[in-house]
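Here are my notes on the two-chain model you sent over.

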Amino acid sequence: MRSIWRTLDPELLRDVSAVAAGAAVSGASFGAISTGAGLPWWLPVVMSLLVFAGGSQFMAVGVVAAGGSPAAAVLAGLLLNARHLPFGLAVGDVLGKGLLQRLVGSHLLVDETTAFALAQSDPRRAKAAYWSCGIALFVAWNVAVVAGALIGRNIGDPNAFGLDAAFPAALLALLLPALKDKATRHAALLGAAVALAATPFLPAGVPVLFTLVGLLITARQEPNA
Amino acid sequence: MNLTAVLVLAVGTYAFRLAGPLLRDRVRLSGRVELMMSTSATILLFALVATATLTKGQGFAGLALPIGVLVGGVAAWRKAPFVVVVVLAAATTAALRFAGLS
């Protein structure tokens with residue numbers, strides 16, 4: 001593990017910090033929204049430690065706050081998190097070889113760590129990026145959720161600060177190098193169009209899974225490439 | 001929301017996460033399949049960018065959000081540092097909302 005930290009350069013650390021800072025603001029608002037919806041302060045804290053997937057946490061609390069059952073909340077959250085399976089297939093190797101690294105590393109598999117790992121040019125850097133981003137996000141997110149849950153409603157709407165634009169912009173910046181490849185770009189654009197078209201009709205999380213239609217196109221093109 | 005629901009969501013989510021790395025241990029992937037896996041993750045993440053930029057719930061997100069992401073995207077394309085991209089996107093959207101654009 002020690003060699004990972006030597007691979008870390010200041011630039012990567014700065015990028016990871018930016019993402020972690022965004023996660024902290026969003027975590028604080030998750031804690032505040034949860035207690036605002038009447039949950040005991042420890043429940044969003046336990047949820048953040050064990051689930052560690054912001055989108056599904058907001059979704060689950062939102063479903064219950066809107067009068068839905070806990071079962072419906074769990075189902076909505078799981079649909080949203082199904083994308084982690086293909087993520088794990090893609091970047092599973094960067095976690096490390098040992099069983100412990102795989103077990104712990106899997107818990108850190110989120111959108112940002114996947115994007116950071118994919119954006120690196122060599123496996124050593126990918127591993128360093130994955131772990132540093134994962135640990136920074138985990139600490140920032142969970143500390144902020146505790147703070148938000150305890151401080152409660154004094155935290156304003158994070159979207160007023162444009163935080164909802166920071167997340168897609170960060171992902172987009174990390175994806176740009178991969179999108180230079182023409183076949184990948186075409187598949188990604190097609191996939192995005194499919195996901196957008198499906199959004200009004202399907203539960204959250206399912207439309208992005210449909211994007212793998214785009215992959216069939218690249219798979220067919222590859223033999224000619 | 002109760003503790004049982006939280007635990008079920010946690011176990012299910014962890015199972016999704018663990019499945020990929022464990023499957024990769026069992027099966028030796030060819031270079032071609034390996035490339036397909038990372039392409040599929042890129043496609044998924046890009047679709048996530050698109051839906052997070054343009055939709056809120058099942059409707060349109062309004063203009064302030066996509067304009068902010070677009071400004072960040074152009075900055076990234078012009079090779080601006082990552083931190084600048086993120087801050088620029090958030091600041092643009094925040095400024096537009098402050099100015100009254102939804």
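**Notes on the model**

1. Chain B, order of elements. From the N terminus, chain B reads α-α-β-β-α-α. That is four helices and two strands. Keep in mind throughout that this is a predicted model.

2. Chain B, overall spread. The radius of gyration of chain B is 19 Å. The globule rule gives 13 Å for 102 residues, so chain B is more spread out than a compact globule. Along the principal axes, its C-alpha atoms fill a box of roughly 55 × 45 × 25 Å.

3. Chain B, domains. Domain 1 of chain B covers 1-46, and domain 2 covers 62-102. The centres of these two domains, taken over C-alpha atoms, are separated by 30 Å.

4. Chain A, order of elements. Chain A has 13 helices and zero strands. Its pattern along the sequence is accordingly written α-α-α-α-α-α-α-α-α-α-α-α-α.

5. Chain A, domains. The division here is domain 1 (2-175) and domain 2 (181-225). Over C-alpha atoms, 24 Å separate the centres of domain 1 and domain 2 of chain A. Six residues of domain 1 are in contact with six residues of domain 2. On the domain 1 side, helix H5 (residues 70-81) of chain A gives the most, with three residues. That side of domain 1 divides into five nonpolar, no polar and one charged.

6. H2 against H3 in chain A. Helix H2 (residues 10-36) and helix H3 (residues 42-50) of chain A have axes that come within 8 Å. They cross at roughly 140 degrees. Angles over 145 degrees count as roughly antiparallel, and H2(A) and H3(A) are therefore oblique to each other. Their crossing is right-handed. From H2(A), the contact uses A:Gly27, A:Phe30, A:Gly31 and A:Ser34. From H3(A), it uses A:Leu43, A:Pro44 and A:Ser48. By class, the contact of H2(A) with H3(A) has three nonpolar, four polar and no charged residues.

7. H8 against H9 in chain A. How do helix H8 (residues 111-118) and helix H9 (residues 123-151) of chain A cross, and at what angle? Their axes come within 8 Å and cross at roughly 160 degrees. H8(A) and H9(A) are therefore roughly antiparallel to each other. H8(A) passes H9(A) in a right-handed crossing. H8(A) brings A:Glu112, A:Thr113, A:Phe116 and A:Ala117 to the contact. H9(A) brings A:Ala126, A:Ala129, A:Tyr130, A:Cys133, A:Gly134 and A:Leu137. By class, the contact of H8(A) with H9(A) has seven nonpolar, two polar and one charged residues.

8. The interface between the chains. How many residues does each chain put into the contact? Chain A gives 77 residues and chain B gives 59 residues. On the chain A side, helix H10 (residues 163-179) of chain A gives the most, with 14 residues. The residues on that side of chain A divide into 52 nonpolar, 17 polar and eight charged.

9. A:Arg14, A:Asp15, A:Ala18 and A:Gly22 in H2(A) meet B:Phe82, B:Val83 and B:Val86 in H4(B). By class, the contact of H2(A) with H4(B) has four nonpolar, one polar and two charged residues.

Key:
Residues are numbered from 1 along each chain as its sequence is written. Chains are lettered from A and ligands numbered from 1 in the order in which they are written. This is a predicted model: local features need pLDDT of at least 70, side-chain atom pairs count only at pLDDT 80 or more; totals for chains, interfaces and linings use all residues. Two residues are in contact if their C-beta atoms, placed from the backbone, lie within 7 Å. Ala, Val, Leu, Ile, Met, Phe, Trp, Tyr, Cys and Pro count as nonpolar, Asp, Glu, Lys and Arg as charged, and the others, Gly among them, as polar. Axes are lines fitted to C-alpha atoms, for helices over the stretch in contact, and angles run from 0 to 180 degrees between N-to-C directions. Angles under 35 degrees count as roughly parallel, over 145 as roughly antiparallel, 65 to 115 as roughly perpendicular and the rest as oblique. A crossing is left-handed if the near helix is turned anticlockwise from the far one by less than a right angle, and right-handed if clockwise. Domain bounds come from an automatic or database domain assignment. The radius of gyration is taken over C-alpha atoms; the globule rule is 2.2 Å times the number of residues to the power 0.38.
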